[in-house]
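Dear colleague,

Please read them with the coordinates open.

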Amino acid sequence: MKPYYLTTAIDYANGSPHLGHAYEKILADVISRTKRAMGQPTHFVTGLDEHGQKVQQGAENEGIDPQSRCDRIAEEFTNLLGELNISNDDYIRTTETRHKKVVSSLLQDLFDRGEIYQAEYSGFYSTRAEQFLQEKDKVNGEWPEIFGEVTEITEKNYFFKLGKYQQWLLQFLEENSDFILPQHRQSQVVEFLKEPLNDLCISRPKERLSWGIPLPFDQEYVTYVWFDALVNYVTAADYGKKSFSNLWPADLHVIGKDILAPPHAVYWPIMLKACNLQLPKQILAHGWWTSSGAKMSKSTGETVNPLELVNEYGTDIFRYFVMREMKVGQDAEFSLERFESRYRADLGNDLGNLVSRLLHMCTNYFEGIVPEASTIEEPEDILMKKWQDTKRLSLEFFTRFQFSQGLEEVSGFIRSINKYADERVPWKLAKSADLKDQQNLKTCLSTMVEALRLANVLLVAVMPEVHEKISERLAIPVSKNWQTDLDWDNRLEGKQLKEKIILFPRK
Ligand code: MSP
């Protein structure tokens, strides 16, 4: 079976990772774990984008060579992946030989077939920022101070014939209405394509930018930004080797909305088409984590260091928070209060309390052996019905990558288990000598154990460690297969549970 091949954007090696980078990796990881639980093997790739002006500049400022700086930043990013429990199969760095070879070979091929040509390019160049500026960079019709002296210059560069594919891409989008998720983003791309599409400048002269992959047909130039970065997706799928067709086309590119149009939704499909390669099946564009309303980024300075939260609260709590708090596709404002409130309410009060009080009762009343549910009445029926709805809805949401809404269903179910306990009051039943009460007590605890087991299965992709801890207490293996683990079958009756555990201690 061809694995489900999914990728994230490759992060720029020009600063430390922040919440935005961490979120994207967790989102892709949760998708990957969900697919696996649903029985589909995955191949999950993430990586680092290491070339370019800012990387070169950063290294110069530090007085070190760019590769050493990239190596240090790569360590920071890969360390974060470990801390976040990301289950990627590969980590691609654009300075690796495997990647440079693929970029060269694709560029040469396109050049040989006349898809790339040389032409004069003129534009406004800022020497201080060492980049060409665009009209939109002007403030009140003037170039802002930060750009220093801005001069109009003309230089020769190489261009990729983007424009000639414009109609083809429009038609492709029309025929593949779920190519881009969420759907409203696809409409934005279509709007974008209503304006004439210029050919894409893909090079920079070496004297201005040396930290890049040289053009194979003109060593005086390096390729610039997207022709290098986007190609990582085919490099990591072993482009040029026999095994390529085992992975390509990619099933999903997970990226942020800022790099959707034009890079991923316009350049990339056209590059692939021009190279006679298949297009990815889908692109998922998530929103931004904001801080005081603005996109969190290195340049705004207001960033959240994910490692601090992970160290204080734990990996799974962080994973749960970002997946629950951000509706995929929309923006979300980060606040520590929200974080703490999710920790206290959803996790501590709802899930944590359920686990500890249930295990405590099982130990106290039945020496940890799960009793039999023999007297199914209305409260049990209601909870079982609630489970059927939760299962159906959460799987639907998860399949559409709407994890926040899916988790909301799971949380709702966990609250229903607690509500069921408050109604059945097993702690009171335990004090009664009445036979019926004793039977109801057994039914109640058995029902709660089964409901907890099921809720826990749905948490495996988002909180793999919490899932494992709960499974360990329930003396069952971690769930690897949702096809067999999501049916209400009271499989734990007669089994010996472990003692209670405090999963989310009060802070
Ligand atoms: N190197 C390019 C991507 C090349 S992909 C072939 C790049 N790097 S980045 O480091 O700036 O961003 C990496 C990913 O993190 C992008 O998908 C971007 O949208 C995401 N985020 C960066 N800041 C973000 C937030 N504040 N919030 C959520 N994600 C954002 O772009």
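Which residue in strand 8 is the bridge partner of Phe-159? The partner is Cys-201. Before going on, please note that this is a predicted model, in which local features need pLDDT of at least 70 and side-chain atom pairs count only at pLDDT 80 or more, while totals for chains, interfaces and linings use all residues. Residues are numbered from 1 along each chain as its sequence is written, and side-chain values use heavy atoms, with hydrogens and water left out.

Strand 6 (residues 150-160) and strand 8 run antiparallel and are joined by 2 bridges, where strands (E, at least two residues) and helices (H or I, at least four) are DSSP runs numbered from the N terminus, and two strands pair if DSSP finds at least two bridges between them. Both belong to an open sheet of 4 strands with antiparallel pairing, in the order 5-4-6-8, and its edges are strand 5 (131-133) and strand 8 (200-201), each pairing on one side only.

As for polar contacts (pairs of N or O atoms within 3.5 Å), a polar side-chain atom of Asp-258 lies 2.6 Å from a ligand oxygen atom, and a backbone N or O atom of Trp-289 lies 2.9 Å from a ligand nitrogen atom. Taken alone, the ligand exposes 660 Å², of which the protein buries 96% (Shrake-Rupley method, 1.4 Å probe).

Best regards

Methods
Polar contact = N/O pair within 3.5 Å; in protein donor to acceptor, adjacent residues only side chain to side chain.
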